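Me: I have a model to go through. Let us take it by question and answer.

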Amino acid sequence: MDIQLETRLVLQLQEIAKKQGREIPDILKDAIAQYVERETDETAFRMKVRDLIQTHQWLLDELDKR
């Protein structure tokens with residue numbers, strides 16, 4: 001997979017890599033892994049919330065009436 005980045009991002013990544021003593025591909029792999037994990041967790045959380053709302057809709061309806 002090839003990814004093209006804006007020059008500004010490349011320069012920023014180079015500076016970060018230099019400060020951290022790491023290679024850019026390693027930084028990118030970590031960033032992508034964190035993004036995927038966060039999105040997966042948030043998606044799972046949203047699904048659980050929707051399920052709970054559906055399960056307890058009757059209670060929400062009762063509370064709405066009061």
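## Salt bridges and a nonpolar patch

Reply: At 38% relative accessibility, Arg46 counts as partly exposed. This is a predicted model.

Me: Which residue forms a salt bridge with Arg46, the closest N and O atoms being 3.4 Å apart?

Reply: Side chains of opposite charge can pair when their charged atoms come close. Here the closest N and O atoms are 3.4 Å apart, and the cut-off is 4 Å. The partner of Arg46 is Glu42.

Me: Where do Glu42 and Arg46 both lie?

Reply: An α-helix has 3.6 residues a turn, so residues three or four places apart point the same way. Glu42 and Arg46 are four residues apart, about one turn of the helix. Both lie in helix H2.

Me: Is Glu42 buried, partly exposed or exposed?

Reply: Buried means under 20%, and exposed means over 50%. Glu42 has 33% relative accessibility. Because that value falls in between, Glu42 counts as partly exposed.

Me: Which residues are linked with Arg46 in a network of salt bridges?

Reply: Glu42 forms a salt bridge with Arg46. The network takes in one further residue, Arg38. Linked with Arg46, then, are Glu42 and Arg38.

Me: What is the N to O distance where the side chains of Arg22 and Asp30 meet?

Reply: Arg22 is partly exposed at 31% relative accessibility. Asp30 is partly exposed too, at 36%. Their side chains meet in a salt bridge, with an N to O distance of 2.3 Å.

Me: How many salt bridges are there by this rule?

Reply: One of them joins Glu6 to Arg8, with the closest N and O atoms 3.5 Å apart. Another joins Arg22 to Asp30. By the 4 Å rule, the count comes to five.

Me: Which helix gives the largest share of the nonpolar patch?

Reply: The patch covers about 860 Å², with Leu28 and Ile32 among its residues. Helices H1 (7–20) and H2 (24–55) each supply at least two residues. The largest share, four residues, comes from H2.

Me: Where does Leu5 lie?

Reply: Leu5 is one of the patch residues. Patches need over 30% relative accessible area, and Leu5 has 37%. Leu5 lies in the segment before H1.

Me: How far does H1 reach from its first C-alpha to its last?

Reply: H1 has 14 residues. At 1.5 Å a residue, 20 Å is expected. Just after H1, Gly21 takes a positive phi of about 65 degrees. The reach of H1 is close to the expected value, at 20 Å.

Definitions and conventions: Residues numbered from 1 in each chain as written. Predicted model: local features only at pLDDT ≥ 70, side-chain atom pairs only at ≥ 80, totals over all residues. Heavy atoms only, no water. Patch = residues over 30% accessible without salt bridge, like charges linked within 9 Å, V, L, I, M, F, W, Y side chains within 5 Å. Areas by Shrake-Rupley, 256 points an atom, 1.4 Å probe, with all protein chains shown as cover. Buried < 20%, exposed > 50% of the residue type's maximum accessible area, 1.4 Å probe, protein only. Expected span 1.5 Å × (residues − 1).
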